[in-house]
Amino acid sequence: MEIIAELVAFVIVILVIWRFVVPVLKKMVTARQDAVQQQVDEAEEATRKLNEAQAKLESAVEEARQEAARIRDDARADATRIHDELVEQAKREIERTKARGGEQLAAQRDQVVRQMRAELGAQSYGLAEKLVVDSLADESARRASVDDFLDDIDRLVETRAATSADAPATAGGGA
């Protein structure tokens, strides 16, 4: 009987456990499974978001590289354009400087020519004056000069008289 009582007590304990403990344990296990499943889902979602973020990061890095390459190419093109403009500007400045130098050189040459003519004129005048003074200082040379001058005037008058005598005859004969 003791075994029956123990068996009945065992069955009652099993029924109590089955009726009260198992549902609570099932609830706890289910809750725990749900919590674990939720954590697994959250981990998968986090992994998916991480992969998306990494893809976005890689895409952003690639775009940044492309943008940097474009900026670098633009900067090179700008540098080349600026260099060409500066070279062209320098060439124009050189041409202007050459033209100004040529103008200044021509002006200086003209000034030197004027100075040389003035000096030459002054020296010629001085030399002529000296020659005239020297030639008139001697009495015989002075008389010879005056006689030559008077002879030149006489020849000029005779030439004019001969020319005027021929002029009316030619004028009347031609009409």
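This is a predicted model: local features need pLDDT of at least 70, side-chain atom pairs count only at pLDDT 80 or more; totals for chains, interfaces and linings use all residues.
Residues are numbered from 1 along each chain as its sequence is written, and side-chain values use heavy atoms, with hydrogens and water left out.

The secondary structure consists of two helices and zero strands, where helices (H or I, at least four residues) and strands (E, at least two) are DSSP runs numbered from the N terminus. The chain is more spread out than a compact globule, because its radius of gyration is 65 Å, well over the 16 Å that the globule rule gives for 175 residues. That radius is taken over C-alpha atoms, and the globule rule is 2.2 Å times the number of residues to the power 0.38. Along the principal axes, the C-alpha atoms fill a box of roughly 200 × 55 × 15 Å. Of the 175 residues, 1% count as buried; buried means under 20% relative accessible area, exposed means over 50%, and partly exposed lies in between (1.4 Å probe, protein chains only).

Two surface patches may be considered next. Patches are made of residues with over 30% relative accessible area and no salt bridge, like charges being joined within 9 Å and nonpolar side chains (Val, Leu, Ile, Met, Phe, Trp, Tyr) within 5 Å. The nonpolar patch is formed by Ile 4, Val 8, Ile 12, Val 13, Val 16, Ile 17, Phe 20, Val 21, Val 24, Leu 25 and Met 28, which together have about 960 Å² of accessible area. One of these residues, Val 16, lies in helix 1 (residues 2-137) and is partly exposed at 39% relative accessibility.

The other patch carries negative charge and gathers Asp 147, Asp 148, Asp 151, Asp 154 and Glu 158 on the surface. Glu 158 belongs to helix 2 (residues 139-174) and is exposed, with a relative accessible area of 55%. Over the whole chain, the mean positions of the 25 positive and 34 negative charges are 8 Å apart. For this count, Lys and Arg are positive and Asp and Glu negative, without His and the chain ends; each charge is placed at NZ of Lys, CZ of Arg, CG of Asp or CD of Glu.

Side chains of opposite charge can pair when their charged atoms come close. The structure holds 12 salt bridges, each defined as a side-chain nitrogen of Lys or Arg within 4 Å of a carboxyl oxygen of Asp or Glu. Among them is the pair Arg 48 and Glu 45, whose closest N and O atoms are 2.0 Å apart. These two residues stand three apart in helix 1, so about one helical turn separates them. Arg 48 is partly exposed at 38%, and Glu 45 is partly exposed at 31%.

Further along helix 1, Asp 73 and Arg 76 lie three residues apart, about one turn, and their side chains meet in a salt bridge (3.7 Å, N to O). Asp 73 is partly exposed at 44%, whereas Arg 76 is exposed at 51%. Arg 81 and Asp 78 also form a salt bridge (3.7 Å, N to O), and about one helical turn separates them in helix 1. Shared partners, in turn, join the salt bridges of Glu 45, Arg 48 and Glu 52 into one network.

Note on methods: Accessible areas come from the Shrake-Rupley method with a 1.4 Å probe; for residues, only the protein chains shown count as cover.
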